[in-house]
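Opening the notebook on a new model today.

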Amino acid sequence: STGRVVLENEIGTRAPGCSLREGRSLIVDSNQHYLSELDRFFCAAVPIRSPEGHLVGVLDVTGVNSQPPLWLQERLNMTALAIENRLYLEFQDCSLLHVHADPRLIDTPFEGIIAVAPDGRLLHANRSAKCLLGLDRESKLTTSTSLEALFGARGQRIFNKLRMFPDETHSMPLTNGHPLF
C-alpha cells in the first residue's frame, strides 16, 4: 500500500500532519520534531485544496541529514497550485476561463481559473482568480456571483466571444477598470 498515517499521536510532530491540521504550508526541521529519532530529518509540507476549498491532501518533501533548501517551500507552493488547477479539468457542464493581469502568466500555476455555468453564473474560482477579482480567498462564490457582477453589462457578451475563439487571448476590463486577459 502507499502512504502512511502521519497523525501526531502516531509518530509525533511532522510537517504533513501539522499542514493538515492548520491548513497552511510549513517546515518542521530537525529538533522541532517531537520524537528525537526524527532529529536528522526535515519535512516541508503544503496543503492541496479542491475547487470547493476542501482540504484534499498534503504535498510533502522529507530530507535526511541536511537543511531544507531555501527554494523548497516556494516550489512546493507552486506545485500545489498546479495540482489544484488540474482539479478544475474534472468539471463538466461549465466553461473554464483562464485569466491573469499579465497574459504571460496564463497556462502557468499562477493563472486564475474561473468555472462558469452556461447561464453566466460563476461556480468556482481558484486562489489566483479570487485574488485577481478582489474576492476573499477563503470565501465561496455565491449563486448570485455572475459575469455581469465582475465585467459589467458586457460580461455575458465577453464570455460568448471567449467561447467562440478559445485559443485567442482577449482583454476583459473588470468593472473597476483593471484589465484581465
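Here are my entries on this predicted model.

**Strands.** I started with S2, residues 41-49, and asked how many of its residues are buried. I got eight of nine, so I noted the strand as mostly covered. Then I looked up its partners. S1 (residues 26-29) runs antiparallel to S2, with four bridges joining them; leucine 26 stands opposite alanine 45 there. On S3 (residues 55-64) I found nine bridges to S2, again antiparallel, and phenylalanine 41 faces valine 64 as its opposite residue. The S2-S3 hairpin has five residues between the strands, and in it I noted glycine 53 with a positive phi near 95°.

**Salt bridges.** Glutamate 22 is partly exposed at 41%, and arginine 24 is partly exposed at 46%.

Next I checked glutamate 84 with arginine 127, also 2.8 Å, N to O. This pair links distant parts of the chain, helix H3 (residues 72-87) and helix H4, 43 residues apart. Which partner is buried? Glutamate 84 is, because its 7% falls under the 20% cut-off; arginine 127 has 27% and counts as partly exposed.

My last pair was arginine 121 and aspartate 119, at 3.0 Å, N to O. Arginine 121 comes out partly exposed at 31%.

**Threonine 145.** I found threonine 145 in the loop between H4 (127-133) and H5 (147-151). It is buried at 14% relative accessible area. Leaving aside neighbours within four places in sequence, threonine 145 contacts Arg121 and Leu122.

Key:
Residues are numbered from 1 along each chain as its sequence is written. This is a predicted model: local features need pLDDT of at least 70, side-chain atom pairs count only at pLDDT 80 or more; totals for chains, interfaces and linings use all residues. Side-chain values use heavy atoms; hydrogens and water are left out. Helices (H or I, at least four residues) and strands (E, at least two) are DSSP runs, numbered from the N terminus. Buried means under 20% relative accessible area, exposed over 50%, partly exposed in between (1.4 Å probe, protein chains only). Contact means heavy atoms within 4.5 Å. Two strands pair if DSSP finds at least two bridges between them. A salt bridge is a side-chain nitrogen of Lys or Arg within 4 Å of a carboxyl oxygen of Asp or Glu.
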